[in-house]
Amino acid sequence: MVTTGPTRTSQIGVANAGGSPAPGSAADPRRKPSRADLQAAYGRAVPDLIAPGLKVLICGINPSLAAGATGFHFGGTANRLWATLHQAGFTDRQLHPSETGELLARDIGITNIVNRATARADEISDDEIRAGVGRLTALVDQYQPGWLAFLGLGAYRIAFGQKKATVGRQPDHLGPVGVWLLPNPSGLNAHYSLPALVEAYRELHDAAYA
């Protein structure tokens, strides 16, 4: 399975060619973006991490500035997605955002309904969210993952006009694919503790890997 988009491919190549890059160097995929890097990432797109035959395609709202700066989805290491995926059973250990190959090896991909990096998800308008449904539907039709895992209750309700949608398996499909609505793992989502996130995500894991 391969990752789409030249940005991610080039970063993986840098990490693997001729040994590991010097820690903290510009070529080090684990280097923390500087403030200037983050500011320059406003509005930047991040290529989809996707392949045929995925068990789960995760759909975020939009890339963070850290994701825009690094080219890796959920690129801020403080984001609770990576700890949640590990503790819910999706990965054998807690992955770094740059370990895209390891994520694909577990048949997990990532996309966003709006592919524009911002500091906060509330910088994305409702119209942008609704407009992203068409691209997301086409992506799901093309790759047909086992499940689409949408992260973010409010954004899902806006995107699909489901004002009463709740976390968990949804009664509707997106094209041929079942939809699972999950809490956003951002640290800004104070409504969910890490244990609560793990519990919600584990239900999807058990369905996807049964």
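## Reading a sheet and its helices

Analyst: Let's start with a hairpin: strands S4 and S5 have two residues between them, and in this hairpin Gly-175 takes a positive phi near 60 degrees. Helices (H or I, at least four residues) and strands (E, at least two) are DSSP runs, numbered from the N terminus. Residues are numbered from 1 along each chain as its sequence is written, and side-chain values use heavy atoms, with hydrogens and water left out. This is a predicted model, so local features need pLDDT of at least 70 and side-chain atom pairs count only at pLDDT 80 or more, while totals for chains, interfaces and linings use all residues.

User: How many helices and strands are in the protein chain?

Analyst: The protein chain has eight helices and five strands. Along the sequence they follow the pattern α-α-β-α-α-α-β-α-β-α-β-β-α.

User: How do I read a sheet, and in what order do its strands stand here?

Analyst: Strands of a sheet pair through backbone hydrogen bonds, either parallel or antiparallel. Two strands count as a pair if DSSP finds at least two bridges between them. Here the open sheet has five strands in the order S2-S1-S3-S5-S4, with mixed pairing. S2 (108-112) and S4 (168-174) are at the edges with a single partner strand each, so one side of each has no neighbour in the sheet. On average, neighbouring strands are turned by 30 degrees against each other, direction ignored. Axes are lines fitted to C-alpha atoms, for helices over the stretch in contact, and angles run from 0 to 180 degrees between N-to-C directions.

User: Which strand pairs run parallel, and which antiparallel?

Analyst: Go pair by pair. S1 (residues 56-60) and S3 (residues 147-151) run parallel, joined by four bridges, and Leu-57 has Leu-148 in S3 as its bridge partner. S3 also pairs with S5 in the parallel sense, over five bridges, where Ala-149 stands opposite Trp-180 in S5. S4 and S5 run antiparallel, joined by four bridges; Gly-168 stands opposite Leu-181 in S5.

User: Where do the side chains of S5 point, and are they buried or exposed?

Analyst: In a regular strand the side chains alternate between the two faces of the sheet. In S5, Val-177, Val-179 and Leu-181 point one way, Gly-178, Trp-180 and Leu-182 point the other way, and all are buried. Buried means under 20% relative accessible area, exposed over 50%, and partly exposed in between (1.4 Å probe, protein chains only). S5 is therefore described as mostly covered, with six of its six residues buried. For the protein chain, buried residues make up 48% of the 210 residues.

User: Which helices lie across the sheet strands?

Analyst: Helix H6 (residues 126-143) lies across S1, S2, S3, S4 and S5 (177-182), and runs at about 160 degrees to S2. Helix H7 (residues 153-160) lies across S3, S4 and S5, at about 140 degrees to S5.

User: How do H6 and H7 pack, and which residues meet?

Analyst: Their axes are 8 Å apart and the packing angle is about 75 degrees. That makes H6 roughly perpendicular to H7; angles under 35 degrees count as roughly parallel, over 145 as roughly antiparallel, 65 to 115 as roughly perpendicular and the rest as oblique. Asp-126, Ile-129, Arg-130, Val-133 and Leu-136 in H6 meet Ala-155, Ile-158, Ala-159 and Phe-160 in H7, where contact means heavy atoms within 4.5 Å. By class, this contact has seven nonpolar, no polar and two charged residues. Ala, Val, Leu, Ile, Met, Phe, Trp, Tyr, Cys and Pro count as nonpolar, Asp, Glu, Lys and Arg as charged, and the others, Gly among them, as polar.

User: How many salt bridges does the structure hold?

Analyst: Side chains of opposite charge can pair when their charged atoms come close. A salt bridge is a side-chain nitrogen of Lys or Arg within 4 Å of a carboxyl oxygen of Asp or Glu, and the structure holds seven. One of them joins Asp-127 and Arg-130 (3.1 Å, N to O). Both residues lie in H6, three residues apart, about one turn of the helix. Asp-127 is exposed at 56% relative accessible area, while Arg-130 is partly exposed at 42%.
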